[in-house]
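Dear colleague,

I am passing on the structure that follows, together with notes on what was found in it. Please read them beside the coordinates.

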Amino acid sequence: MSARAHDASDTALAEAIASWLEQARGGAAPDVVAFAAGHPAIREQLEACLTLLAPAGASTRPIPAELGGFRLVREIGRGGMGVVYEAEQVALGRRVALKILPREALGDAERAARFQREIA
């Protein structure tokens, strides 16, 4: 990428972040994924930056209504191992915490072992 193109990309990224922050200060941060999709040339960089800026507990991805036998209620946390949702186990009618690992964790023996330790 040329220096000029790099500068234009940096400027576009800074302007988009400033716009998102202004909307967030107005009361409701826009959905990160949807907002980033509106900026296709810098979408990946913008999504990565905004995910870091999103308030704790704010969803950065649309929550599916159901996953397996669970109805997802809301995101309650996220960290290095994945995202934790408050969910209802439909068959038993009980509230649970459901951790969803990121795709990158699939096939990673170290992460799989860490997850097994967490659930033991």
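What share of the contacts in the protein chain with a separation of 6 or more is accounted for by residues 24 or more positions apart? Such pairs make up 26% of those contacts, where contact means heavy atoms within 4.5 Å.

Some conventions come before the rest. This is a predicted model, in which local features need pLDDT of at least 70 and side-chain atom pairs count only at pLDDT 80 or more, while totals for chains, interfaces and linings use all residues. Residues are numbered from 1 along each chain as its sequence is written, and side-chain values use heavy atoms, with hydrogens and water left out.

The protein chain contains 4 helices and 4 strands, which are DSSP runs numbered from the N terminus (helices H or I, at least four residues; strands E, at least two). Read from the N terminus, the order of these elements is α-α-α-β-β-β-β-α. Of its 120 residues, 25% count as buried, a term that stands for under 20% relative accessible area, with exposed for over 50% and partly exposed for what lies in between (1.4 Å probe, protein chains only). The accessible surface of the protein chain is about 8,000 Å², and carbon and sulfur atoms hold 56% of this; the areas come from the Shrake-Rupley method with a 1.4 Å probe, and for residues only the protein chains shown count as cover.

Pro30 sits in the loop between helix 1 (3-25) and helix 2 (32-37), and counts as buried because its relative accessibility is 18%. Neighbours within four places in sequence aside, Pro30 is in contact with Trp20, Gln23, Ala24 and Phe35.

As for charged groups, 5 salt bridges are found in the whole structure, each being a side-chain nitrogen of Lys or Arg within 4 Å of a carboxyl oxygen of Asp or Glu. Arg43, Glu44 and Glu47 are linked in a network of them: the side chain of Arg43 meets that of Glu44 at 3.6 Å (N to O) and that of Glu47 at 3.5 Å (N to O). Arg43 and Glu47 are separated by about one helical turn, because they are 4 residues apart in helix 3 (residues 43-53). Arg43 is partly exposed at 34% relative accessibility, Glu44 is exposed at 60%, and Glu47 is buried at 11%. Another salt bridge joins the side chains of Glu86 and Arg95 at 2.5 Å (N to O), and Glu86 is buried, with a relative accessible area of 19%.
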